[in-house]
Amino acid sequence: MRLLHTMLRVGNLQRSIDFYTQALGMTLLRTTDRPEQQYTLAFLGYGRNPEHAEIELTYNYGVDQYELGTAYGHIALGVDNAAAVCDAVRAKTATLGGSISREAGPIKGGTTVIAFITDPDGYKIELIERPEAASELQTA
């Protein structure tokens with residue numbers, strides 16, 4: 001088995017595509033519009049399936065906001081330098097939306113450095129510092 005994608009419902013598809021591509025350095029891989037069913041899908045990632053997992057953004061016509069509930073946690077991305085990624089994302093959130101919701105620092109009771117970003121729809125993205133990871137986020 002292999003993880004293929006994670007689906008997030010978004011209130012403004014273009015705003016979300018801009019955030020994930022411009023702030024997080026993902027690539028828009030493909031879109032599918034289904035007017036008869038009243039939804040549009042956009043798949044983004046750092047590579048295509050099956051080698052890489054993707055994020056599927058789903059826009060349901062006429063729905064501009066969702067309640068995230070208490071069960072959702074976060075998506076995690078491996079990065080070389082969490083503080084540098086936060087700095088790069090911070091500079092873009094004024095125009096793209098989103099925020100840094102936890103600055104880079106060690107996890108409670110450990111040494112792994114993490115940070116959290118919140119996207120324009122309120123979804124959390126954890127940055128986990130892994131120096132061996134070839135992070136495309138730092139050049140975004």
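Helix α2 bends by about 30° at R90; the bend at a residue is the angle between axes fitted to the seven residues ending there and the seven starting there. Before going on, a note on the source: this is a predicted model, in which local features need pLDDT of at least 70 and side-chain atom pairs count only at pLDDT 80 or more, while totals for chains, interfaces and linings use all residues. Residues are numbered from 1 along each chain as its sequence is written, and side-chain values use heavy atoms, with hydrogens and water left out.

Helices here are DSSP runs of H or I with at least four residues, strands are runs of E with at least two, and both are numbered from the N terminus. α2 covers residues 82-96, which is 15 residues. From its first C-alpha to its last α2 reaches 19 Å, close to the 21 Å expected at 1.5 Å a residue; that expected span is 1.5 Å times one less than the number of residues.

Which residues of α2 are buried? They are A82, V85, C86, V89, T93 and L96. Buried means under 20% relative accessible area, exposed means over 50%, and partly exposed is in between, with a 1.4 Å probe and protein chains only. The cover over these buried residues includes α1 (13-23) and the strands β5 (75-79), β6 (99-106), β7 (113-118) and β8 (124-129).

Now the two ends of α2. At its start, a side-chain oxygen of N81 comes to within 3.1 Å of the backbone nitrogen of A83. Just after α2, G97 has a positive phi of about 90°.

α1 can be described in the same terms. N12 caps its N-terminal end, with a side-chain oxygen 3.3 Å from the backbone nitrogen of Q14. A polar contact is a pair of N or O atoms within 3.5 Å; within protein, one must be able to donate a hydrogen and the other to accept it, and residues adjacent in sequence count only if both atoms are side-chain atoms. The buried residues in α1 are L13, S16, I17, F19, Y20 and A23. After α1 comes G25, whose phi is positive, near 75°.

One residue of the cover is worth a look. A104 is in strand β6, and A104 counts as partly exposed because its relative accessibility is 30%. Leaving aside residues up to four places away in sequence, A104 touches A82, A83, C86, V113, I114 and A115, where contact means heavy atoms within 4.5 Å.

Next, the rings. The structure holds three aromatic pairs; rings of Phe, Tyr and Trp (its six-membered ring) pair if their centres lie within 6.5 Å, and planes under 30 degrees apart count as stacked, over 60 as edge-to-face and the rest as tilted. One of the pairs is Y72 with Y123, edge-to-face, at 5.3 Å centre to centre and 75° between the planes. Y72 lies in the loop between β4 (54-60) and β5 and Y123 in the loop between β7 and β8, so the pair ties together parts that are 51 residues apart in sequence. Y72 is partly exposed at 28% relative accessibility, whereas Y123 is buried at 7%.

Last, two loops. N49 and P50 are joined by a cis peptide bond, with omega about 5°, and P50 lies in the loop between β3 (39-45) and β4. Q38, in the loop between β2 (27-34) and β3, has a positive phi near 60° although Q38 is not a glycine.
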